[in-house]
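Thanks for making time. I have one structure to go through today, so let me put it on the screen.

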Amino acid sequence: MIDFGIIAAGDGNRIKEEGSLLPKPLVKIAGKPMIGRLIDIMQDCGARSISVIVNSDMPEVWEYLQQQVPLLNCELKLLSKKTPSSMHSFYHLLNIMKPEDRFVITTVDTIFREEDFRKYVERFQNAPADLDGVMGVTAFIDDEKPLYVQTEDNGRITAYLDQPVEGIQYVSAGIYGLRLSSIPVLQNCMDNGVNRMRNFQRKLIESGLSLDAFPMGKVLDVDHLSDIEKANLFLQENQAK
């Protein structure tokens, strides 16, 4: 079994400034708050536990999650905290997760097909013992500042880049499947003032950890009000197939 985590500690300023009356994690996608949809998917994938870090300025999200605790058949661990970056959220989330070995963390606004995520989890669960992680990637580029993922033909990740180079196929999908071997690298980043998830991922490669890329199909990020309609259409189209 895998421990899952959700980073929901961002400010969500862009979508709020555009007129959203709900905190970003509670915006409905496919008829359900996006954070609730993620929890359902993770639970259906056999989660041992699900941990969530929530922005302390969003009490509505905290209240929603508290209401979910008795409804789940796995442990739900919650932390309310403001953080300066997603990497810091990742770090504090791990402190409450206390994973046994393999863990998967995703950002709250990452929208994917449930079947694609299930295949990803199965791949990670069955990964060989000498593999340090399996990272979700997508060939669909809709991010304002995508993180490009350079891979070998066998899917092994060799670099994370801010700009594309010839032959590059994928960008990060915001889905991170790692093992305990990654935690010392994260601690080193925290101790040395490294910021941003992309820099942590670079450090994983620089430290010699072995990471495979798993193509997730289409993955969307919900950063703007217009992205809500895109996400709903994407999931509706998938249901119609």
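Predicted model: local features only at pLDDT ≥ 70, side-chain atom pairs only at ≥ 80, totals over all residues.

The largest pocket holds about 1200 Å³ of space. It is lined by 42 residues, and those closest to its centre are Arg14, Ser86, Thr107, Asp109 and Asp223. By class the lining splits into 17 nonpolar, 13 polar and 12 charged residues. Several elements put at least two residues each into that lining, among them strand 1, residues 3-8, helix 4, residues 86-97, and helix 7, residues 197-206. Which element gives the largest share? That is strand 11, with 5 residues.

The second largest pocket has about 160 Å³ of space. Of its 13 lining residues, Asp11, Lys16, Pro23, Asp57 and Met58 are the closest to the centre. The lining here is made of 5 nonpolar, 3 polar and 5 charged residues.

Thr107 sits in strand 6. Is Thr107 buried or exposed? Its relative accessibility is 18%, and the limit for buried is under 20%, so Thr107 counts as buried. Outside its sequence neighbours up to four places away, Thr107 touches Ile7, Leu38 and Gly174. Ser172 is 65 residues from Thr107 in sequence, and the two C-alpha atoms are 12 Å apart.

Now the nonpolar cores. The largest one has 49 residues, and the members that touch the most others are Phe4, Ile35, Ile50, Val52 and Phe117. Elements that supply at least two residues each include strand 1, strand 4, residues 49-54, strand 5, residues 75-80, and helix 8, residues 225-240. Helix 2 gives the most to this core, with 6 residues.

Take Val52 as an example. Leaving out residues up to four places away in sequence, Val52 touches Ile6, Ala8, Ile35, Leu65, Leu76, Lys77, Leu78, Leu79, Leu93 and Ile96. There is also a second, separate core of 31 residues, which includes Tyr91, Val137, Val149 and Leu186.

Ile53 is in strand 4. Ile53 is counted as buried because its relative accessibility is 0%. Beyond four places in sequence, the contacts of Ile53 include Ile6, Ile7, Ala8, Ala9, Leu79 and His92. Asp11, which we met at the second largest pocket, is 42 residues from Ile53 in sequence and 12 Å from it in space, C-alpha to C-alpha.

Next, helix 7. How many of the residues of helix 7 are buried? The number is 7 of 10, so the helix is mostly covered. Those buried residues are Met197, Arg198, Phe200, Gln201, Arg202, Leu204 and Ile205. The covering elements include helix 4, strand 8, strand 10, strand 11, helix 6 and strand 12. Strand 11 is also the element with the largest share of the lining of the largest pocket.

On to the cysteines. The count of disulfides comes to 0. For Cys74, the nearest cysteine sulfur is that of Cys45, and it is 11 Å away. Cys74 is buried, at 10% relative accessible area. Cys189 is buried as well, at 0%.

Last, the backbone angles. Most residues other than glycine have a negative phi. Two exceptions are worth a look. Lys98 has a phi near 50 degrees, and its place is in the loop between helix 4 and strand 6. Lys98 is exposed, with a relative accessible area of 59%. Arg196 has a phi near 80 degrees, and Arg196 lies in the loop between helix 6 and helix 7. Arg196 counts as partly exposed, because its relative accessibility is 43%. At the other end, just after helix 7, Gly208 has a positive phi of about 90 degrees.

That is what I had; questions are welcome.

Technical notes:
Residues numbered from 1 in each chain as written. Heavy atoms only, no water. 1 Å grid on protein atoms, 1.4 Å probe; cavity = no way out; pocket = protein on both sides within 12 Å on 5 of 7 lines; lining within 4 Å. Points joined across faces, edges and corners; volume = space filled by probe spheres on them. Helix = DSSP H or I, 4+ residues; strand = E, 2+ residues; numbered from the N terminus. Nonpolar A, V, L, I, M, F, W, Y, C, P; charged D, E, K, R; others polar. Buried < 20%, exposed > 50% of the residue type's maximum accessible area, 1.4 Å probe, protein only. Core = buried A, V, L, I, M, F, W, Y, C linked by side-chain atoms within 4.5 Å. Contact = heavy atoms within 4.5 Å. Disulfide = S-S within 2.5 Å.
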